[in-house]
Structures are given as C-alpha cells and as structure tokens.
Amino acid sequence: MLWTFSHAHLKEYSTEEADYLKAAKVGFDFISQNYLDPQYGGYYWATDMQGNPTDKSKSLLDQLYVITAFLQYHKASNDSQALQKSVELFRLINQKLKDDQGGQLFDMFQQDWTMVGKPLGGGPRGTIGLTSNTCVVYYIVALTHLFSATKDPEVKSSLENALDKNFEEFFPEDPSGTVQHRLPDSRIYGRKPAGTYGNDLQAITAKIQAEEALGRTLDWEFFDRYIRNVMTLGTNKDGAILHRFSEILWWPQAEFLTAISLSGKHRGDRLYRDELLKTLRFLECSLVDSETGLWMRSPFSKGNPQMLMNDWKTGSHTVGAIVGFVEVFGNAAGSMAGGKESTPDSNGRVNSGYQIRRPVDIRGLHFEKPPTGGRSVKEANYPLSMRHFVRADGPNLYLGKSKYFVTGFTTYQLVARSAWFHGRSQVLQSFWDMQDMGVNTVRVYAYSDGLHWNAIQPMAGYLDGMMLDEGLDYVMGLAREHDMRIIFTLTGLISGFGGMEQYAQWMNRTSVTDFYTDETIKGMFKDYICAIVTRKNSKTGVRYFDDPTILAWDLATRPRDPGHPDSESLQAWIVEMAAYVKSLDPNHLVMVGLEGFFGESTPKYHHANPYTNSRGVLGTRHNETGPQYYGYDAVCEGTNFVKNHEAKNVDLASAGLFPSLWTSCNETCTLDFVRTWVRSHLEASQVLGKPFLLSEMAVAKPIRTRNRIYKAVFDELHAAAQEGHYVAGSLVWTVAAGTFPDFDGYSVYRNNRTAVYLPKPPVKVQTYIKDAGNLTMLNSGELLACIDSRLAERDKEESASILPELFTDHAKELGTLEGY
C-alpha cells in the first residue's frame with residue numbers, strides 16, 4: 001500500500017480530500033519503526049495493528065517489496081531517508097540471500113537468515129528451500145528502480161548479473177521451456193519445466209525495463225516471442241489471460257496490460273491492439289466489480305464481495321497496470337481506471353489509443369465533404385412498402401399519400417445485443433413480437449460511448465466497425481424485413497451509454513453545459529453525426545441518408561442543462577445540430593428526445609411539469625390525493641418544450657412521459673396528471689405547428705394500473721387525431737423478448753410474460769430510467785440554487801407493462817381514424 005499511495009501521488013492523483021502522500025508517509029513511518037529487525041536486519045513479514053511482529057521469518061520477496069515501495073516513496077516525497085534505507089537493504093540482501101558460487105537467489109529464510117528446511121511447495125511470499133522465477137523477476141525490478149535512482153556501480157553489477165545469468169535460467173529463448181523453481185544446485189525442481197503465463201508477462205516487462213535502465217539495446221524480439229506465446233496458448237476465447245492450463249486469475253490480466261502498455265510506450269500503440277481490446281472487454285464484463293471498481297479474484301467469483309482483490313498484492317499488480325495503461329493509451333482506460341483524464345493534444349483531442357474491431361477513424365470527418373454514392377433502394381431490392389420516406393405535412397405524418405401514425409417502442413438495447421451471440425436471437429424475437437402487436441416504428445439508441453460492453457464509439461473519434469456492421473446495419477435490416485421504420489438516437493444524457501457525459505470527460509470537462517458550448521466537443525459530435533448519417537450500409541450498400549427505413553434522426557435523448565432555466569446554450573446547440581443533420585440529410589425528419597418540461601418563458605404550462613425529480617436527488621412531499629410542490633422545479637432543468645422545438649430544422653415536437661417517477665400520489669391523481677400532461681403538450685404542439693410524438697412512455701407495475709394509464713394516454717392521442725390536432729403517434733418504453741431480462745421493471749413482454757430468463761449479457765447494462773450519475777457533470781449545485789430561488793419566489797407569492805391485447809387494440813384503433 002505504501003507503493004500504491006506513493007504512486008498515486010506521483011501521478012498527481014492527490015486531492016485535498018485524498019492526500020495520498022500523507023497516507024504514504026504513514027505507511028513509510030510504520031514500516032520503518034515496526035517492521036525493521038533491529039537484531040539481524042531486514043524486514044519482518046507481518047505485525048499486528050500495534051506494530052508487534054507476528055511473523056519474523058524473512059523472504060526475498062518481502063525485502064524486494066520494501067525496496068520498491070521505499071524507492072517509490074522517495075520519488076513522490078524526495079525523502080532521502082527512504083532512498084538510503086533502500087540502498088542499505090540491497091546490500092544486506094546481497095550479503096545474506098545469495099550463495100557464494102554463482103549468485104543463486106533463495107526465497108525463504110529464518111529470522112537470522114538461515115535457510116528454511118527442505119524444498120517444499122510455494123506460497124505468496126516464495127518457496128521454501130527453492131529459488132523461484134518470481135523472486136528473480138522482482139529482484140530485477142527492484143534493482144532496475146534502485147539503479148535508476150542511484151547509478152550505484154554495485155547495484156549495476158548485480159542487475160547485470162541477474163539479467164544475464166539468473167533470468168536466463170528461468171526464461172530461455174524458447175518460451176515453452178520456462179522454469180518455475182530451481183534447487184540450490186540450480187537443478188530444475190519437479191519433473192518437467194513449467195511456468196505460468198502471468199510470470200512470463202512480468203518477466204518480459206522487467207527485462208525491457210532493465211535493459212533500458214542499463215542503456216542496452218531493447219530485446220523486442222524476445223519480448224514479442226513470449227507475448228505471442230501467451231496470446232496463442234495462454235488466452236481463451238473471451239480474451240482472458242490464463243494463469244496456467246485453464247485457470248483464470250486476476251493478476252495475469254494486470255500483467256498483460258502492463259506489458260502491452262510498455263510496448264505501446266516505446267513502439268506506438270498499434271501492436272497487439274486487437275488482443276488488448278479483447279482482454280479489456282473480458283475485464284469489464286467478467287472481472288471488474290461494477291459497484292466498487294475492484295477486481296475479482298476470478299471471473300467465477302464475480303458478485304461475491306468476499307472475493308474482491310483488495311489485499312496487499314493489489315497495488316503491485318492492478319494499480320500500476322491501470323495507471324500505466326492510462327498514461328500510454330489515454331482515456332481508453334477511463335471507465336475502468338476511474339482516474340485522471342489524458343491531456344488534449346494541440347488539436348484539442350484526447351489521445352485516442354488502440355485499434356478497435358474493424359476500426360473506423362472519424363476524427364475531423366465533419367470538416368470533409370460528405371461522402372456520396374451507394375446503391376438505390378431499388379437496386380438493393382427493398383420491398384415497395386419500404387421505398388418511401390415518412391414526411392411531415394401539417395398536423396400529420398405521411399408515407400406516400402397515406403397518413404402515418406407512429407405506433408411502437410423505444411427499445412434501446414437492440415444494437416448492443418445484435419452484436420452479441422446470445423443477444424441476436426433475442427433481438428429477432430423482439431421484432432417478431434412487435435410485428436404481432438401491430439408495431440410500425442421502433443426508436444433505437446444509435447450511440448454508446450466509452451470503453452464498455454459493445455460500445456459503438458469506445459474511444460473518441462474511433463468507431464467499432466463490428467458494432468456498425470453487426471449492430472446498426474443488422475437492426476436496420478430486421479426493421480425493413482418486418483415493415484417497420486426506425487428512429488435513431490445520436491446521443492443522450494443517460495448513465496451507462498456514455499453520450500454527453502463521455503464526450504465531456506474525453507475533453508476533461510466537468511459540466512454537461514460544456515457539451516453544448518465547447519467547440520471541440522461539438523466538432524467531435526459532428527464527426528459522429530456525419531459518420532452515422534452518411535454511413536453506407538454494409539448489408540445493402542445504401543447510405544443511411546438514402547434509406548427510407550429511417551423515419552427520423554433524434555439529436556439526443558433527455559438532454560438537460562440543469563441550473564439554467566430556458567438554457568440558451570442548449571437552445572443554440574439544438575439549432576446548430578439540427579441544421580447540421582439537415583445539411584447532410586434533407587430526406588429524413590429531425591427531432592429532439594426531450595422529456596417535455598416547460599420552461600421559464602411558458603408559465604401557462606407549468607402545471608404539467610413533473611412534481612418530483614426522476615434522479616431522486618431532492619426531497620419531495622405529496623398528499624395522497626394530489627401533489628404539493630416541495631423541493632423540486634423542472635423549470636430548473638434548462639429545457640423548454642416550446643422554445644426548444646421552435647428550431648427551424650426540428651420537424652417533430654417530442655416528449656417522454658414517466659408518471660411513475662414524476663408523481664407520488666394515488667392512481668386517480670396520476671391519471672389526472674397524465675391527461676393534463678398530454679393535453680398540454682398537444683396544445684403546445686398545435687401552437688408550434690409540429691406533430692407531437694410521445695417518444696417514450698414508461699409506467700411501473702402493477703400491470704392493471706399500468707394498463708389504465710397507457711389506455712388513458714392512447715385515448716387522448718386518438719381523440720386529438722380525430723379532431724385534426726398535430727399528432728404523430730406514440731412509443732412505449734420498452735419491448736422485451738422472452739429472453740430479455742426486465743432490468744428496470746418497465747419492459748413489455750408478449751403474452752404478458754414478465755419473468756427474467758437466461759442468458760443475460762456478459763455485463764450488467766445500465767437501463768434504469770434516470771440520467772447520468774455524475775452530479776458534478778449534471779450541475780447539481782446550480783440546479784439546487786435555481787430550485788431554492790424559485791421555491792422562495794413561490795412561497796412569497798402564496799403568502800400574497802402494457803398488455804399485448806391493449807397494445808394490439810391501440811394499433812387496430814388507428815384503423816378507425818379517418819385517413820389512417
């Protein structure tokens with residue numbers, strides 16, 4: 001832990017709240033005062049909390065850990081005493097722990113440095129009566145750091161001897177001949193040579209670092225030979241680095257990151273990047289605890305808090321590996337490391353690191369002339385029903401000469417699951433179920449940013465080609481085959497999908513407001529828009545802007561600018577991005593996936609704003625029969641349904657309805673709120689002259705209550721359509737096939753199915769209806785200040801899952817509407 005805290009401070013992670021140098025000094029003082037053996041020298045293995053020795057035996061690893069930790073503390077603090085103690089311990093080791101003939105290193109000793117018994121097996125500190133390749137590697141590591149700090153000739157001589165003699169005894173030119181243990185006479189212990197892949201990775205990293213410190217030519221040929229052996233024989237199909245045979249442990253994964261980072265530092269980041277991404281995905285999916293960020297001992301122990309790796313060895317493996325990886329590959333490791341961002345380069349971009357699956361580089365794409373060409377829908381043999389674009393004309397949408405009333409679902413998981421072996425059958429079943437229920441439109445998230453499961457843009461400016469081909473293109477094909485239109489959402493403010501928060505973090509920004517105002521971030525988002533909107537479908541050859549399967553482009557789902565009523569930043573962003581999309585694609589409609597809050601400039605509709613905060617950040621009070629405003633005001637979220645939709649290039653007026661999160665009263669009260677909400681948005685859409693689309697609607701169980709609320713909404717929309725109001729239709733959150741887990745309790749299953757079935761995805765997907773979890777990013781302070789101000793003004797003024805049958809009826813009812 002001394003090394004870990006020193007390293008954290010050295011890498012500038014210390015803050016006022018987390019002073020790692022102070023923590024490191026506590027560790028240094030405790031070790032110096034309580035672990036040092038005053039009689040025989042060296043350091044004990046363990047003490048109790050009061051500093052009383054509980055195990056006075058010695059091992060080479062113990063002493064090497066002390067040297068490495070003291071040197072790191074010296075680098076972080078400039079404490080000369082730490083450097084002096086490191087040199088003294090090195091000289092003691094050379095005196096006590098080597099034989100007199102060939103400098104053989106031994107592992108385990110009594111307190112007085114005498115050998116411990118006959119050869120026995122090993123443990124975390126070494127092997128009794130033997131010398132191990134682990135101790136040889138750590139000896140080289142410790143001396144490399146010591147020589148770099150002191151340039152001491154004696155240290156240099158010992159390091160050269162260890163590298164030229166001891167190292168080669170355990171790690172020969174042929175990686176299949178590695179040795180785990182040797183006897184004092186240098187004979188191999190055991191029946192045959194054997195090592196572990198984790199030890200091999202540690203060894204090649206230590207060898208390169210030692211050669212660099214000594215000024216030698218770096219032996220990359222040896223390095224590549226060993227690492228290719230690991231990737232060929234020591235990696236399973238999921239990208240996990242094996243310990244030996246089929247055993248999977250946490251620390252070999254860390255050593256793989258360290259080795260690849262070292263290669264990337266010296267030779268650029270293009271070597272081994274496919275293997276690196278595969279291992280990173282394995283870590284995210286199977287080994288890293290999503291709640292704490294700690295690594296599990298093995299993938300089979302995930303979910304068991306007792307198996308979290310938070311012991312004394314964690315720092316020497318995982319912390320160093322992750323920090324080193326971040327330094328070399330930039331923010332690609334951000335979601336796993338949870339640490340400091342990379343510094344933007346001269347062009348304003350963050351280091352974009354390693355290659356992704358079939359990588360697509362989109363950096364600066366929006367500066368270039370948009371691509372053209374591609375097949376026509378006729379050449380691609382699209383069915384006749386899918387060869388016309390949906391358009392808005394007056395109060396209605398039209399497909400050809402017929403009115404088009406949107407009926408369907410917002411189903412965010414389709415793209416990610418389509419690129420997953422088990423998920424593809426689930427996606428196909430979902431389309432079958434939607435077709436049976438009369439669905440004609442599905443809204444899909446066409447974005448997922450950051451290093452996590454099946455992300456479309458794992459790194460800033462680089463798209464995952466497999467996700468494009470087997471995710472977006474595949475879902476487009478299913479929609480077309482099932483005679484459905486798609487609404488593609490391009491970004492959002494929802495935790496678990498990256499979106500606005502990830503863009504801001506890529507550029508070391510701390511507020512979502514920066515996403516709307518920072519020119520570099522806006523350029524990065526335009527790159528992404530251009531890449532998706534102008535994409536040529538890998539299955540059909542038709543460019544997206546020419547494909548009638550797409551109904552509309554949704555700029556963002558649930559955008560907010562908390563703390564800034566009627567946010568000018570958000571408004572300007574909507575105007576700019578809508579215009580940019582239209583410049584690339586005049587064929588399709590454009591919308592903004594707002595939640596539909598009414599802003600400061602539209603007080604006549606404030607009664608339709610939510611009573612509670614869907615993030616659950618603020619306290620609220622409610623009567624059983626109706627709401628009382630207390631502790632929340634949606635005006636402060638920065639959006640305005642009317643103002644935001646006045647943007648010239650926005651074609652639809654859209655909003656999302658979440659009564660289970662926005663009210664805390666009985667069913668009668670909730671129904672009253674829902675009807676008021678729908679009517680207010682219909683009235684505002686009429687004023688705007690743009691068809692109203694209910695882009696997502698989620699109601700929690702019980703089923704009967706949910707059905708009654710959905711029916712009330714459908715009735716309002718149908719009645720408005722009959723009367724000639726501006727109505728585009730509605731989408732429900734969210735459809736799920738029988739094998740889809742009901743993550744958030746809002747999923748709609750065919751045949752009323754609500755059970756959760758396996759298989760689940762290899763990583764928990766964030767799906768709950770709440771916004772990004774970073775309160776700083778969400779301007780929490782400004783939001784609270786705004787709410788306090790508005791509540792004070794108000795006080796002053798006062799003192800002065802849907803049933804499939806129901807959904808099918810909803811679809812059939814459209815046939816009773818004239819012209820549909």
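1. Two strands are said to pair if DSSP finds at least two bridges between them. In this predicted model, strand S11 (residues 396-399) and S12 meet that condition: they pair in the antiparallel sense over three bridges. Within this part of the chain, Tyr-398 stands opposite Lys-403 in S12.

2. S11 and S12 belong to an open sheet of three strands, with the order S10-S11-S12 and antiparallel pairing. Strand S10 (390-393) and strand S12 (402-404) are the edge strands, as each pairs on one side only. From one strand to the next, the twist averages 50 degrees.

3. The next points concern a pair of helices. Two packed helices are described by the angle between their axes and the distance between the axes. Helix H7 (residues 197-214) packs with helix H9 (residues 250-267) at an angle of about 30 degrees, and their axes are 8 Å apart. Angles under 35 degrees count as roughly parallel, so H7 is roughly parallel to H9. The crossing of the two helices, H7 and H9, is left-handed.

4. Which residues of H7 and H9 make the contact? On the H7 side they are Gly-198, Asn-199, Leu-201, Gln-202, Thr-205, Ile-208, Gln-209 and Glu-212. On the H9 side they are Trp-251, Pro-252, Glu-255, Phe-256, Thr-258, Ala-259, Leu-262 and His-266.

Technical notes. Residues are numbered from 1 along each chain as its sequence is written. This is a predicted model: local features need pLDDT of at least 70, side-chain atom pairs count only at pLDDT 80 or more; totals for chains, interfaces and linings use all residues. Side-chain values use heavy atoms; hydrogens and water are left out. Axes are lines fitted to C-alpha atoms, for helices over the stretch in contact, and angles run from 0 to 180 degrees between N-to-C directions. Helices (H or I, at least four residues) and strands (E, at least two) are DSSP runs, numbered from the N terminus. Angles under 35 degrees count as roughly parallel, over 145 as roughly antiparallel, 65 to 115 as roughly perpendicular and the rest as oblique. A crossing is left-handed if the near helix is turned anticlockwise from the far one by less than a right angle, and right-handed if clockwise. Contact means heavy atoms within 4.5 Å.
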